[in-house]
Amino acid sequence: MTGLELDNISVWLNGQQILYDVSMSIKKGECVALLGPSGCGKTTTLRTIAGFIHPQSGDVRVAGKSCIGLAPNKRNMGLVFQDYALFPHMTVAQNVAYGLRMRKQTGPESDKLVKQFLEMVQLDHVGDRLPENLSGGQKQRVALARALVIKPDILLLDEPLGALDRKLRDQMQVELKQLQKQLGVTTIIVTHDQEEALSLADRVAVMFSGAIWEIGSPQALYDMPRHRDVMDFLGGSNLFNCCVTDVDDENATLSGPGGFQTVLKRGDLTLNEDVLVGIRPEHLSISIPNEADADKAPTLRGLVHETVYKGTLMEILIKTHDDHMFRASVSPRSISQAQITSGNPISLVLEKDYIRVFKS
Amino acid sequence: MQTSKAPTKNSFNYAVSITAWLALIFLLAPVLLTAIVSFNSSFFIEFPPKAFSFKWYWNIANIAAIGQSTLISLSIAFVAALLCTTLAIAAALAIARYHFPGKVLMTAFLLSPITMPMVAVGIALIQFFILIGTAFTWYSLLIGHMVLVIAYPIRTLLASLTLMNPSLEEASLSLGASKFMAFWTVTLPQLKPGLISGFLFAFLISFDNYPISVFLVRGGLTTMPIEIFNYIAQNLDPTPAAFSTLYVIIVSLIIAFAERRYRIISYSIK
């Protein structure tokens with residue numbers, strides 16, 4: 001059952017087109033992240049769903065019913081703002097009760113709901129405080145409780161964890177995900193933080209310049225991106241130019257920098273075509289030169305340029321003889337210091353399944 | 001940790017604070033002098049005072065004209081401030097939130113009485129009121145004062161509106177509030193400091209205005225500053241000094257309370 005459908009939404013603001021035919025279908029209870037750099041239109045999409053922006057064309061449907069022309073206060077959507085937007089002149093409990101009050105629900109029943117939702121975010125002890133006396137994480141939870149207590153059809157989160165420090169963010173990520181699953185509320189998260197998107201959402205929609213480029217499960221998007229920009233934006237990546245140097249009926253041979261050569265399914269590749277090849281740093285591993293199976297797996301050869309220790313991972317920059325830089329992330333325990341001394345020759349094995357080929 | 005400041009900066013700081021204190025003394029000295037004179041038992045305004053006495057304070061009550069005109073001034077100032085603050089909410093919202101043709105012109109027009117010579121405004125007003133046949137009434141005096149003071153609440157409310165977080169109203173709408181309820185339960189409470197300081201400014205400016213009132217009053221319809229001035233013109237005793245001292249004390253208390261409670265000064269300095 002679909003919870004929310006966006007059907008070819010286009011938005012112009014001040015004579016400039018901001019969204020180009022944005023379409024997306026979200027299942028009931030699903031959590032989708034809109035991920036993209038600033039100015040990509042993700043916030044505009046969120047504000048269009050909430051009803052603050054009226055699209056020039058297209059439709060927004062909640063449970064099959066169009067809500068174009070419906071004012072924001074008639075849409076029953078819970079919105080959590082980036083700056084939380086807690087009402088400064090109301091106590092925490094009054095903030096949470098606000099949506100109920102606007103629905104003419106007052107008295108003991110509303111009090112019970114407010115208490116229940118404050119307990120849910122573990123803040124029932126601060127109900128009498130004013131928002132200015134709360135920490136950032138507490139404000140975030142109050143905003144969440146306030147948006148959820150009205151039993152919204154859709155929960156909209158605008159950069160929900162952006163204002164929190166690292167440790168709190170990790171903790172809130174887990175709590176937010178649990179809460180979302182527990183309540184089964186259809187959720188849209190707008191974020192520019194890929195880690196937030198990948199860890200919170202069931203599916204991630206990557207947006208660039210006003211359009212959704214790719215949508216899929218976090219793992220599919222990360223491992224098998226169909227666009228080079230998506231690969232480039234999500235996580236680290238090595239992108240390099242290759243040439244199709246040989247084709248037969250089934251396979252194509254690609255050749256690139258650092259002696260890279262691999263044979264892949266041909267698809268629609270033609271001889272002498274230039275393509276862009278991408279692989280993630282963690283799918284490169286160090287091999288001992290002249291190892292027996294080295295000629296089966298595609299390899300790159302170069303010199304160690306620099307190493308960066310990152311705790312759980314060691315990042316190695318390799319410079320090939322034709323001046324291409326590659327980045328490999330390996331476990332520090334799997335390598336010896338001698339292998340990664342700057343200037344030493346090194347060869348890298350590419351995991352063939354994770355090699356992405358993009359037509360230019 | 002103690003870091004030594006550059007000596008030039010130190011002496012500059014001293015110079016600034018000494019200048020500030022001198023300015024404060026310059027502003028306060030006449031008020032203090034008035035207060036001292038008001039407690040003098042002498043029948044004339046003189047300095048230094050000879051003997052302490054409260055009698056000029058009791059004398060305020062004996063001068064009927066001052067009492068009556070103060071009541072008129074209070075009623076005009078209160079109604080003018082109330083109406084102007086209400087109208088200013090609409091004006092400030094329109095200026096701060098919407099784009100419409102002639103907005104800059106309208107803003108300048110609404111704020112202009114502050115910068116216009118009051119005598120010119122007074123002459124214009126009385127000519128207008130004579131023309132429409134309503135001159136020298138309580139209502140024409142009220143409207144004259146409203147023209148003068150509406151600029152103050154507009155200014156303070158514009159400051160409050162620009163300081164307000166715009167997502168608050170959207171949060172209220174998204175939680176199911178109608179536009180009116182969002183305004184009533186979220187926007188208006190956020191504007192409280194601007195409303196209070198705007199009201200106080202309007203009230204106080206109207207209450208002791210002389211140059212505009214002087215054109216708009218006749219006979220029994222007079223205001224407090226005009227009666228005080230008339231009294232000084234005809235008498236030499238310190239009763240007006242006593243009245244002024246009382247006035248300064250009451251106003252200071254009101255402003256101190258409003259600042260403590262609503263932090264109005266931080267809003268009106270903008």
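# Briefing on a predicted model with chains A and B

Chain A has eight helices and 20 strands; helices (H or I, at least four residues) and strands (E, at least two) are DSSP runs, numbered from the N terminus. This is a predicted model, in which local features need pLDDT of at least 70 and side-chain atom pairs count only at pLDDT 80 or more, while totals for chains, interfaces and linings use all residues. Residues are numbered from 1 along each chain as its sequence is written, and chains are lettered from A and ligands numbered from 1 in the order in which they are written.

**Chain A overall**

- Along the principal axes, the C-alpha atoms of chain A fill a box of roughly 80 × 45 × 35 Å.
- Chain A has 360 residues, of which 37% count as buried; a residue is buried if 20 or more other C-beta atoms lie within 10 Å of its own, exposed if 12 or fewer, and partly exposed in between, with C-beta atoms placed from the backbone.
- Of the contacts in chain A between residues at least 6 apart in sequence, 65% join residues at least 24 apart; two residues are in contact if their C-beta atoms, placed from the backbone, lie within 7 Å.
- Chain A is assigned domain 1 (2–227) and domain 2 (238–359), with bounds that come from an automatic or database domain assignment.
- The C-alpha centres of these two domains of chain A lie 40 Å apart.

**A residue in strand β17**

- A:E315 is in strand β17 (residues 314–319) of chain A.
- A:E315 counts as partly exposed because it has 16 C-beta neighbours inside 10 Å.
- Not counting residues up to four places away in sequence, A:E315 touches A:P281, A:T307, A:V308, A:K310, A:R327 and A:S329.

**Nonpolar cores**

- The largest nonpolar core has 79 residues, and those touching the most other members are A:A33, A:V96, A:A145, A:L156, A:I188, A:I189 and A:A205.
- Such a core is a set of buried Ala, Val, Leu, Ile, Met, Phe, Trp, Tyr and Cys residues joined through C-beta atoms within 7 Å.
- Leaving aside neighbours within four places in sequence, A:I189 has contacts that include A:C31, A:A33 and A:L157.
- A second, separate core of 38 residues includes B:A80, B:I95, B:F129 and B:I150.

**Helices of chain B**

- Helix α3 (residues 64–97) and helix α10 (residues 192–207) of chain B pack at an angle of about 145°, with axes 8 Å apart; axes are lines fitted to C-alpha atoms, for helices over the stretch in contact, and angles run from 0 to 180 degrees between N-to-C directions.
- Among the residues of α3(B) in this contact are B:I76 and B:A80, and those of α10(B) include B:F199 and B:F203.
- The contact of α3(B) with α10(B) has 12 nonpolar, four polar and no charged residues; Ala, Val, Leu, Ile, Met, Phe, Trp, Tyr, Cys and Pro count as nonpolar, Asp, Glu, Lys and Arg as charged, and the others, Gly among them, as polar.
- Helix α5 (residues 118–131) and helix α6 (residues 138–149) of chain B cross at roughly 145°, and their axes come within 11 Å.
- B:V121, B:L125 and B:F129 in α5(B) meet B:S140, B:G144, B:V147 and B:L148 in α6(B).
- In helix α12 (residues 224–234) of chain B, B:M224, B:I226, B:E227 and B:I228 are buried.
- Those buried residues of α12(B) pack against α3, α11 (213–216) and α13 (239–262) of chain B.

**Where the chains meet**

- The contact between the chains involves 15 residues of chain B and 16 residues of chain A.
- On the side of chain B that touches chain A, α8 (167–174) and α9 (179–190) of chain B each supply at least two residues.
- The most comes from α8(B), with six residues.
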